[in-house]
Amino acid sequence: MYADRSEKDLFSQHTNSLAILTDVVTGSDVKAIGEQLLTDSTLAPASIYFKYYLHQALTKAGFGNEYLNWLGKWRENRYGLTILVRT
């Protein structure tokens with residue numbers, strides 16, 4: 001896992017997603033970090049905005065078939081994330 005700070009005391013889904021997406025991580029480490037992104041509850045979670053990048057990283061790590069399982073935040077919102085336009 002890649003730390004958020006040089007003190008190596010904070011780890012997040014943000015930093016590790018970017019490590020995958022920018023090819024800082026290669027080979028079998030990509031899948032290993034992807035697994036951690038899915039299972040390690042001690043990681044600082046991705047913000048709703050950043051979840052797009054988290055999902056892209058998980059797909060790149062070989063977990064794309066689980067995509068529908070990651071949509072909990074969007075499913076909580078009965079109407080989805082939409083923009084209402086008044087006329």
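Biologist: Quick one to start: what's the relative accessibility of Asp23?
Modeller: Asp23 comes out at 48%, so it counts as partly exposed. On that scale, buried is under 20% relative accessible area, exposed is over 50%, and partly exposed is in between (1.4 Å probe, protein chains only).

Biologist: And what kind of model is this?
Modeller: It's a predicted model, where local features need pLDDT of at least 70, side-chain atom pairs count only at pLDDT 80 or more, and totals for chains, interfaces and linings use all residues. Residues are numbered from 1 along each chain as its sequence is written, and side-chain values use heavy atoms, with hydrogens and water left out.

Biologist: Okay, which residue forms a salt bridge with Asp23?
Modeller: Lys60 does, and the closest N and O atoms are 2.5 Å apart. Lys60 sits in helix H3 (residues 51-63) and Asp23 in the loop between helix H1 (13-21) and helix H2 (28-39), so the pair ties together parts 37 residues apart in sequence. Helices here are DSSP runs (H or I, at least four residues), numbered from the N terminus.

Biologist: What counts as a salt bridge, though?
Modeller: A side-chain nitrogen of Lys or Arg within 4 Å of a carboxyl oxygen of Asp or Glu.

Biologist: How many are there by that rule?
Modeller: Three salt bridges.

Biologist: Switching over to Arg5: which residues is Arg5 linked with in a network?
Modeller: Glu7 and Asp9, through salt bridges. The closest N and O atoms are 3.5 Å apart for Glu7 and Arg5, and 2.8 Å apart for Asp9 and Arg5.

Technical notes:
Helices (H or I, at least four residues) and strands (E, at least two) are DSSP runs, numbered from the N terminus.
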